[in-house]
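Come along and check the entries as we go.

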Amino acid sequence: ISTSFARKPQYLFLDEPENHIDIFGRQVLIEMINNFRGCLVFVSHDQDLINSVTNRILEIEEGKIISYTGTYEFYLEEKQRQEEARKKDWKHHENEVKRLDALVKRIREWVKKNPDLGKMLRAKKTQLEKLKDNAPKKPKREKKMSLSLNDVDQKKNKIILRVENFSLKLGDRSLFYETDTHLVFGEKVALVGKNGT
């Protein structure tokens with residue numbers, strides 16, 4: 001490998017690059033990825049990171065790779081749109097099968113009274129068989145988790161953590177000094193700082 005190639009790689013493969021970096025390092029990572037002039041393939045669970053740096057999403061599902069061009073948000077919207085279209089197509093197909101099946105049954109009754117309608121019966125049966133053979137794949141039912149928290153309203157506005165006169169030192173360095181604070185149920189807290197602080 002030439003030294004110029006090593007300095008300017010054409011491909012980068014990253015596995016969860018956002019792990020173990022602080023918020024400042026994360027911003028540097030996003031800038032580096034966006035400025036990289038080459039092919040980057042990465043795996044991540046961080047939806048904001050994915051949305052910030054991607055222009056193509058590859059989804060692996062049931063042994064197939066499906067490509068979506070755009071951001072992560074676009075991927076979610078497009079996947080939902082395609083799922084809805086598949087459900088609509090499948091439902092339409094099912095209704096058409098039921099309609100043709102009922103028609104075949106009616107024609108079968110008519111043939112008993114008028115044998116000349118046998119040709120029509122065979123044609124409709126063939127049409128029904130072709131329709132069944134070309135059935136679209138049944139959409140998967142999304143598995144949804146149901147969770148009930150009946151006593152959440154009772155906890156509303158309740159203090160769940162109170163800290164009074166809290167001090168913390170690491171060696172000679174004081175991180176907190178006589179700090180007072182409290183957390184109310186439902187609040188979300190982030191401690192933000194550079195790694196190691």
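**Ground rules.** I am working with a predicted model, where local features need pLDDT of at least 70, side-chain atom pairs count only at pLDDT 80 or more, and totals for chains, interfaces and linings use all residues. Residues are numbered from 1 along each chain as its sequence is written, and side-chain values use heavy atoms, with hydrogens and water left out.

**Layout.** I find six helices and six strands in the chain (DSSP runs numbered from the N terminus: helices are H or I with at least four residues, strands are E with at least two). Their order along the sequence is α-β-α-β-α-β-β-α-α-α-β-β. Of the 197 residues, 19% are buried (under 20% relative accessible area, 1.4 Å probe, protein chains only).

**Largest pocket.** I noted a volume of about 770 Å³ for the largest pocket. A pocket here is an open set of points on a 1 Å grid over the protein atoms alone, where a 1.4 Å probe fits, with protein on both sides within 12 Å along at least five of seven lines; lining residues have an atom within 4 Å of a point. The volume is the space filled by probe spheres set on the points. Which residues lie nearest its centre? Leu40, Val41, Phe42, Thr54 and Arg56 do, out of 23 lining residues. The lining divides into 15 nonpolar, five polar and three charged residues.

**Second largest pocket.** I get about 290 Å³ for this one. Its lining has two nonpolar, no polar and eight charged residues (Asp, Glu, Lys and Arg count as charged). Among the lining residues are Glu61, Arg86 and Lys137.

**Cores.** I looked for nonpolar cores, sets of buried Ala, Val, Leu, Ile, Met, Phe, Trp, Tyr and Cys residues joined through side-chain atoms within 4.5 Å. The largest has eleven residues, including Leu29, Ile33, Phe42, Tyr68 and Tyr75. A second, separate core of eight residues includes Leu100, Val104, Ile107 and Leu128.

**Tyr68.** I checked its contacts (heavy atoms within 4.5 Å), leaving out residues up to four places away in sequence. Tyr68 touches Asn55, Arg56, Ile57, Glu59, Tyr75, Glu78, Lys79 and Gln82.

Notes
Buried means under 20% relative accessible area, exposed over 50%, partly exposed in between (1.4 Å probe, protein chains only).
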